[in-house]
Amino acid sequence: MAEMGSKGVTAGKIASNVQKKLTRAQEKVLQKLGKADETKDEQFEQCVQNFNKQLTEGTRLQKDLRTYLASVKAMHEASKKLNECLQEVYEPDWPGRDEANKIAENNDLLWLDYHQKLVDQALLTMDTYLGQFPDIKSRIAKRGRKLVDYDSARHHYESLQTAKKKDEAKIAKAEEELIKAQKVFEEMNVDLQEELPSLWNSRVGFYVNTFQSIAGLEENFHKEMSKLNQNLNDVLVSLEKQHGSNTFTVKAQPRKKTKLLSRLLRKKNSDNAPAKGNKSPSPPPDGSPAATPEIRVNHEPEPSAAAGAALPKSPSQLRKGPPVPPPPKHTPSKEVKQEQILSLFDDTFVPEISVTTPSQSSLPAVVVETFSATVNGTVEGGGGAGRLDLPPGFMFKVQAQHDYVATDTDELQLKAGDVVLVIPFQNPEEQDEGWLMGVKESDWNQHKELEKCRGVFPENFTERVQ
């Protein structure tokens, strides 16, 4: 019998809950249709909006903090592997090996300590802060349901009072239900009216404490890490002093094609050049007819250049993509002298002709023909005739984003903001990767002489504007 009673109570409760849901749904429909008025509390609605905003901001902060912690952990692993690599390559007889190993151990401990303190002082505090939101959110939803119950009871009581045929018993019962619904609603409403503004105001102190903790932990971490890095630097300086004769020097690679052609021509002509001042062709020793003329390059230094001064190589190793300021510095090669530099695009350059026998020439004919075509401007591949106000073959405009100091006579000197009109190379094979041919717009507008104004420049120091 007790078991049946329990089942009866359960069934009755389910039926009561179903009836409440139906009554609430009916009340909401009537309110949306405008057939029943709805109790409004604008102040409370504003509190709810603030609550939802605060919850959204807190959830985002929690997510970003977890991402930050994951990044710290990933950086820790990367730093650990890097130090392990240093330990492996650090040979036993090198000075400071034990110190380097100790620094690596302290580095690992410092990362672990930093990550754990972030978890304790930031992430756990964040979790505690957000832990109060689900309960309040549930109570806000329950208050909304109780408000609908109150409005429904109120409308039911009012309808019985205005009915033509009044039933006092029903009116009394409806009034009792209204008083009960109002009491339940007001109890929940009062509590939330006090808690929501307090929760909203607490966000300021929470954000301050959280970000102060993160900032302080990060500051201390970087201070300690800076000390370890300085210690490691001292160890490596000691190693460098002991093995200073084996210093590793990074050399820039020159632009390939024009430099290679220049070297070939210089070598050929230095082997076959007549004495200085004797520029007339020498007759063949056997009295045979004059041989086919070849080009000999006059590679004497310019008057303004200091004798024997080394000229920096062009930075052909610049990669394509966004400019990476400042411009890379290159170590000049001690083997390249200014007397050996040849500018293929210098207007003052005049090739000299000397006659040699075919047996004296070892320079491939294709190289001589290519060079001759380049000097005389007959190489095909350049752009076609452009508009009258633009150079022939104009393709597009770029603007210098950083200063570039020319390191060769065929390069453009650029200042940030200079506009360059890009044109094709006369010989496409002479174009090096990452370099463009062009003429500064200001020079073109002033001179309209392409031969005097054009030059090459690194593409990643510029940005396309048209």
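Two strands count as paired if DSSP finds at least two bridges between them. Strand 5 (residues 435-440) and strand 6 run antiparallel and are joined by four bridges, and M437 stands opposite V456 in strand 6.

**Provenance.** I am working with a predicted model, in which local features need pLDDT of at least 70 and side-chain atom pairs count only at pLDDT 80 or more, while totals for chains, interfaces and linings use all residues. Residues are numbered from 1 along each chain as its sequence is written, and side-chain values use heavy atoms, with hydrogens and water left out.

**Helix 2 and helix 4.** Next I looked up helix 2 (residues 42-89) and helix 4 (residues 133-162), which pack at an angle of about 150 degrees with their axes 12 Å apart; axes are lines fitted to C-alpha atoms, for helices over the stretch in contact, and angles run from 0 to 180 degrees between N-to-C directions. That makes helix 2 roughly antiparallel to helix 4 (an angle over 145 degrees). In the contact (heavy atoms within 4.5 Å), F44, V48, F51, Q54 and L55 of helix 2 meet F133, I136, K137, I140 and R143 of helix 4.

**Helix 3 and helix 5.** The axes of helix 3 (residues 97-131) and helix 5 come within 10 Å and cross at roughly 175 degrees, and these two helices are therefore roughly antiparallel to each other.

**Aromatic rings.** Counting rings of Phe, Tyr and Trp (its six-membered ring) as paired if their centres lie within 6.5 Å, I found ten aromatic pairs. One of them, Y150 with F185, is stacked (planes under 30 degrees apart), at 6.1 Å centre to centre and 10 degrees between the planes. Y150 lies in helix 4 and F185 in helix 5 (residues 168-242), so the pair ties together parts that are 35 residues apart in sequence.

How values were computed. Parallel < 35°, antiparallel > 145°, perpendicular 65-115°, else oblique. Phe/Tyr/Trp six-rings, centres within 6.5 Å; stacked < 30°, edge-to-face > 60°.
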